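Subject: Structure handover

Hi,

Here is the structure for you to take over. My notes follow below it.

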Amino acid sequence: MDIINITNGNENEERMVKIMGGKVIETESEKLIRKGMQQGIQQGQIHTIIELGREDGLNDEVILNRLKNKGGLSLKEAKMCMETYEERMKSLFY
């Protein structure tokens, strides 16, 4: 799908728009922004799964399973996320 690009005065992008008949495929900077937003959303979901699990008194195994099932993470990735979460929480409160 083509993405309409507003060039905001960027001469290089304006030239590309003219070459491609007024439409350009997503620019590299747009791809990076989109990817960053997707990663931020995923990190927020992971954080929420862990935080709610902790608040509900769930053990690590249950939270890890939720991260795997709902977050689409491998067991190794889920463990790393849990460790990172715990480290962040400790740094906030200690």
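Which residues line the largest pocket? They are Q39, Q42, Q43, I46, H47, I50, L73, C81, T84, Y85 and R88. Helix 2 and helix 4 are the elements that give two or more residues to this lining. Helix 2 supplies the largest share, six residues. The space in the largest pocket is about 280 Å³. A pocket here is an open set of points on a 1 Å grid over the protein atoms alone, where a 1.4 Å probe fits, with protein on both sides within 12 Å along at least five of seven lines; lining residues have an atom within 4 Å of a point. The volume is the space filled by probe spheres set on the points, which are joined across faces, edges and corners.

Some ground rules. This is a predicted model, with local features needing pLDDT of at least 70 and side-chain atom pairs counting only at pLDDT 80 or more, while totals for chains, interfaces and linings use all residues. Residues are numbered from 1 along each chain as its sequence is written, and side-chain values use heavy atoms, leaving out hydrogens and water.

The chain has four helices and zero strands. Helices are DSSP runs of H or I, at least four residues; strands are runs of E, at least two; both are numbered from the N terminus. Of the 94 residues, 20% count as buried. Buried means under 20% relative accessible area, exposed over 50%, with a 1.4 Å probe and protein chains only.

Now helix 3, residues 60-71. I63, L64, L67 and G71 are buried there. At its start, a side-chain oxygen of N59 comes to within 3.1 Å of the backbone nitrogen of E61. G72 follows helix 3, with a positive phi near 70°.

Best regards

Note on methods
A polar contact is a pair of N or O atoms within 3.5 Å; within protein, one must be able to donate a hydrogen and the other to accept it, and residues adjacent in sequence count only if both atoms are side-chain atoms.
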